Amino acid sequence: SDSRIELATKKDFEDRCAIQGIRVQHYHADNGCFAEPAFVKECKRCKQDLTFCGVGAHHQSGISERKMEDVTLISRMLLLHAMRYWPEYITIMMWPSAAKCAQERMNNLHVNSKEVIYYF
């Protein structure tokens, strides 16, 4: 059923977070599948808070919206760069691969602002 898939996806997400040393403490979601009783019950079982966006207020998830914008922009840059050098091989059909590459780079890139050297 759909609720089993959603719960498996939630567990997979939390396992991936745990690898990075992150424990999910709170979900802020829309009212779709996240309002299903099975998902709410699982959040309570894991002692996680769950809040919902207001109707039409998807701007409340600004952090995730910004990350999605970054992934989109980086993916576009990767595709355009590759298309410039290999136009006969690189097509827009590679968008999922470019998005996955951008997402992996963002997840694994850690910049320590104390070690950044600024050139003026």
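These are my notebook entries on a predicted model of one protein.

**Entry 1: confidence**

The mean pLDDT of the protein is 84, and 84% of the residues score at least 70. I then went through the elements. Helix H2, residues 37-45, has the highest mean pLDDT among them at 92, while helix H1, residues 2-19, has the lowest at 87.

**Entry 2: overall layout**

Next I looked up the secondary structure, and I found four helices and two strands. Read from the N terminus, the order of the elements is α-β-α-β-α-α. I also checked burial: 18% of the 120 residues count as buried. For contacts, I took those with a separation of 6 or more; residues 24 or more positions apart account for 44% of them.

**Entry 3: the H3 and H4 pair**

At what angle do the axes of H3 and H4 cross? I read roughly 120 degrees, with the axes coming within 8 Å. An angle of 65 to 115 degrees would count as roughly perpendicular and one over 145 as roughly antiparallel, so H3 and H4 are oblique to each other. The crossing of H3 past H4 is right-handed.

I listed the residues that make this contact. H3 brings Lys67, Asp70, Val71, Thr72, Ile74, Ser75, Arg76, Leu78 and Leu79. From H4 come Trp95, Ala98, Ala99, Cys101, Ala102, Gln103 and Met106. Sorted by class, the contact of H3 with H4 has 10 nonpolar residues, three polar ones and three charged ones.

I picked Ala102 to start with, which sits in helix H4. Is Ala102 buried or exposed? Its relative accessible area is 0%, so Ala102 is buried. Leaving aside residues up to four places away in sequence, I found Ala102 touching Val71, Ile74, Ser75 and Leu78. I also noted a C-alpha to C-alpha distance of 8.9 Å between Ala102 and Leu73, which are 29 residues apart in sequence.

Then I turned to Trp95, also found in helix H4. Its relative accessibility is 31%, and Trp95 therefore counts as partly exposed. Which residues does Trp95 touch, not counting those up to four places away in sequence? I have Thr72, Ser75, Arg76 and Leu79 on my list. For one of these, Thr72, I looked up the spacing: Trp95 and Thr72 are 23 residues apart in sequence and 9.5 Å apart from C-alpha to C-alpha.

My last stop in helix H4 was Ser97. With 53% relative accessibility, Ser97 counts as exposed, because the cut-off for exposed is over 50%.

I finished away from the helix pair, at Lys47. Where is Lys47 placed? I found Lys47 in the loop between H2 and strand E2, the latter running over 49-52. Most residues other than glycine have a negative phi. Lys47 is not a glycine, yet its phi is positive, at about 55 degrees. I checked the accessibility too: the relative accessible area is 69%, so Lys47 is exposed.

Methods:
Residues are numbered from 1 along each chain as its sequence is written. This is a predicted model: local features need pLDDT of at least 70, side-chain atom pairs count only at pLDDT 80 or more; totals for chains, interfaces and linings use all residues. Side-chain values use heavy atoms; hydrogens and water are left out. Axes are lines fitted to C-alpha atoms, for helices over the stretch in contact, and angles run from 0 to 180 degrees between N-to-C directions. Angles under 35 degrees count as roughly parallel, over 145 as roughly antiparallel, 65 to 115 as roughly perpendicular and the rest as oblique. A crossing is left-handed if the near helix is turned anticlockwise from the far one by less than a right angle, and right-handed if clockwise. Contact means heavy atoms within 4.5 Å. Ala, Val, Leu, Ile, Met, Phe, Trp, Tyr, Cys and Pro count as nonpolar, Asp, Glu, Lys and Arg as charged, and the others, Gly among them, as polar. pLDDT is the predictor's confidence in each residue, from 0 to 100. Buried means under 20% relative accessible area, exposed over 50%, partly exposed in between (1.4 Å probe, protein chains only).
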